[in-house]
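I opened the model to look up a few things and wrote them down as I went. The entries follow in the order of looking.

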Amino acid sequence: MFMDRKEIFSRQRLDGLWRLASSVLSDTEEAKDVVQDVMMKVCVSPAPIINVDSYLVRAVVNTCIDRIRKRDRVSELVSDVISESRIESFDDREIVRYAISRLPERQRIAVHLKDIEGYTTEEVAGMMEIEENHLRTILCRARKAMRDIIEKELYGEVQLR
Amino acid sequence: MVKYNSGEIRKALDAWYEARADERQEQILRDYFAQESPENMPRDIRIASVMFSGLGSLGGESLTASLKVPRKRKYTTVVYPLIAAAAAAVLIVILSVRRPFYGYDYDGSRITSRAEAMESAGYLQCLTLLDDDIFMISEMIK
């Protein structure tokens, strides 16, 4: 059953897409632009959409990755050092947001979809177009990396394990 | 409130870091971190507590919550003014349709009937004539 275009963008779905873009880009304002771009593309495209969530997540992720690459190309051209984002407070949410921002793109996407949006492993693997075992590997690395980042922020050092 | 032993928590946490935790283990971890205070937690559990808390908070962020949605007009803001306007119009119509007023009766009541007014006028005329007669008689007596 194909969904009518205007029914696709419920508040819940828009919030989820914005959160995803914010995690991937580490920028909530730019995330709004991404969501708007995706909405425009979906409304204009005549192709029928079968699995809406999967389609929209992939669209948002691809748009974010394009922007990140454009950002990196620009920074190379002007030889600027992009300053790393720092946490401004020790609020749990901000610490975790910072930790996610330090992860590579794929790990950010995997953690966001699984641990923030609550999709199942199978669903996330489908959205990222990878095998479940591969997804588990990405998630494992991401969670351990986040653990180390958070430990360093809270205690100033990382204990040997 | 369910009490979990530390062994169960550590086992679930290790599985979670390996991305091998099943649904039950993930639920145990969510419940545990939601109900336990982080102050007395060992270091590694405290770190996981921050992670779960932060991930949960990020999942609650909303873009659309800050958007203003035009409120639907309430029934009362449309209907009540209409009723008041209609009532005012009826009142104006009623007041504008004046009932004829011919005068006052001997007891002070308003005479609004033409027939009653004619009758009253007749009585007053008679009294006037009678008054003239009484005057003539009083003059004759003098």
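I began with the largest nonpolar core, which has 53 residues. A nonpolar core is a set of buried Ala, Val, Leu, Ile, Met, Phe, Trp, Tyr and Cys residues joined through C-beta atoms within 7 Å. I took a residue as buried if 20 or more other C-beta atoms lie within 10 Å of its own, exposed if 12 or fewer, and partly exposed in between, with C-beta atoms placed from the backbone. The members that touch the most other members are Leu17(A), Ala21(A), Val35(A), Val60(A), Ala110(A) and Met51(B).

The model is predicted: local features need pLDDT of at least 70 and side-chain atom pairs count only at pLDDT 80 or more, while totals for chains, interfaces and linings use all residues. Residues are numbered from 1 along each chain as its sequence is written, and chains are lettered from A and ligands numbered from 1 in the order in which they are written.

I then looked up Ala21(A). Leaving aside neighbours within four places in sequence, I found Ala21(A) in contact (C-beta atoms, placed from the backbone, within 7 Å) with Ala31(A), Val34(A), Val35(A), Val60(A) and Cys64(A).

Next I turned to helix H6 of chain A, residues 105-116. Helices (H or I, at least four residues) and strands (E, at least two) are DSSP runs, numbered from the N terminus. Of the 12 residues of H6(A), 9 are buried, so this helix is largely enclosed by the rest of the structure. Among the buried ones I noted Ile109(A), Ala110(A), His112(A) and Asp115(A). After H6(A) comes Gly118(A), with a positive phi near 80°.

How do H6(A) and H8(A) cross? Their axes come within 9 Å, at roughly 95°. Axes are lines fitted to C-alpha atoms, for helices over the stretch in contact, and angles run from 0 to 180 degrees between N-to-C directions. The two helices are therefore roughly perpendicular, a term that covers 65 to 115 degrees. On the H6(A) side I listed Arg106(A), Gln107(A), Ala110(A), Val111(A) and Lys114(A) in the contact; the H8(A) residues include Leu135(A) and Ile138(A).

I followed Leu135(A), which sits in H8 (residues 132-155) of chain A. Leu135(A) counts as buried because it has 22 C-beta neighbours inside 10 Å. Beyond four places in sequence, Leu135(A) touches Ala110(A), Thr121(A), Val124(A), Ala125(A), Met128(A) and Ile130(A).

Note on methods:
Two residues are in contact if their C-beta atoms, placed from the backbone, lie within 7 Å. Angles under 35 degrees count as roughly parallel, over 145 as roughly antiparallel, 65 to 115 as roughly perpendicular and the rest as oblique.
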